[in-house]
Amino acid sequence: MSTNALYTDLSGYYDLMCADIDYQAQSISVNRLNKLFGNAGTRHLDLACGTGPHIRRFIDLGYTCHGLDINQPMLDLALQRCPEALFARQDMSNFHFDQPFDLITCFLYSVHYSDGLEGLKACIRSVQNALSRDGVFCFNAVDKTRIDNTRFVGHSTTHDNSTFVFRSGWHYEGSGDRQSLKLSIQKTTGGVTQSWQDEHAMVALSFGDFRELLAPYFEVHVFEHDYERIVPWDGNSGNALFVCVKT
């Protein structure tokens, strides 16, 4: 099953798949970072916004929000959750809005969905063009050199008399700029189990590569992937939070 077909088919279950994510903590943390490093503006754009859980939190924090995604069923659900926001079906590697934003976010490692290295470069340029002066681009990323192909994370939950089991893990072959996110989903209803297996092609970089791509456009700060504290990246962990200020 293709990536788009999987996500379209399961768009109604997307929130179940992400049920263990603390959207509130993530949004509050990025709001703090924006106040520390940004221009104090509240115009917000969320790239790859999905069903809009982060946007809901940013609206509640006082932001005027826009969301961008390539999947229309996701955007339809996002609009139901966040009727105050504006949504656009656009590719994050090449997007345009008439008004600038003060904060652009890309949560859940979605920056890696850029179509290869050239797609990521185009995404960075689009973000830079869309930000106001001293605006902030904040995203999380994984370092390809620190990926453990044997490690998976997962959780289970119930919904409408069905049990769902979700598992995902990064995979990197050891060279090149391609990695993948392997995803498995099981849905059991009345003793009958349906299974989906999918593999998402994603762009792979080291954190040094990210810095090199971002440096011409931004002042770059890299922090530990910790939404409770603001701690500089220790140089060893494989996940990090990037805060990029438009220069």
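**View A. Pairing of strands E7 and E8 in the predicted model.** Strand E7 covers residues 162–172 and strand E8 covers residues 178–189. The two strands run antiparallel and are joined by eleven bridges. Ser162 stands opposite Thr189 of strand E8.

**View B. The open four-stranded sheet.** The strand order is E6-E7-E8-E9, and the pairing is antiparallel. Strand E6 (153–159) and strand E9 (192–203) each have a single partner strand, so one side of each is left without a neighbour in the sheet. These two strands therefore form the edges. On average, neighbouring strands of the sheet are turned by 15° against each other, with direction ignored.

**View C. A stacked aromatic pair, Phe164 and Phe166.** Across the whole structure, a search finds 15 aromatic pairs. Phe164 and Phe166 form a stacked aromatic pair, with 5.9 Å from centre to centre and 0° between the planes. Phe164 has a relative accessible area of 1% and is buried. Phe166 also counts as buried, because its relative accessibility is 4% and the cut-off for buried is under 20%.

**View D. Arg167 and the ring of Phe152.** Arg167 lies over the face of Phe152. The distance from the ring centre is 4.7 Å.

**View E. A cluster of aromatic residues linked by ring pairs.** The cluster contains Phe137, Phe139, Phe207, Phe210, Tyr217, Phe218, Trp233 and Phe242.

How values were computed
Residues are numbered from 1 along each chain as its sequence is written. This is a predicted model: local features need pLDDT of at least 70, side-chain atom pairs count only at pLDDT 80 or more; totals for chains, interfaces and linings use all residues. Side-chain values use heavy atoms; hydrogens and water are left out. Two strands pair if DSSP finds at least two bridges between them. Axes are lines fitted to C-alpha atoms, for helices over the stretch in contact, and angles run from 0 to 180 degrees between N-to-C directions. Rings of Phe, Tyr and Trp (its six-membered ring) pair if their centres lie within 6.5 Å; planes under 30 degrees apart count as stacked, over 60 as edge-to-face and the rest as tilted. Buried means under 20% relative accessible area, exposed over 50%, partly exposed in between (1.4 Å probe, protein chains only). A charge sits over a ring if NZ of Lys or CZ of Arg is within 6 Å of the ring centre and within 35 degrees of the ring normal.
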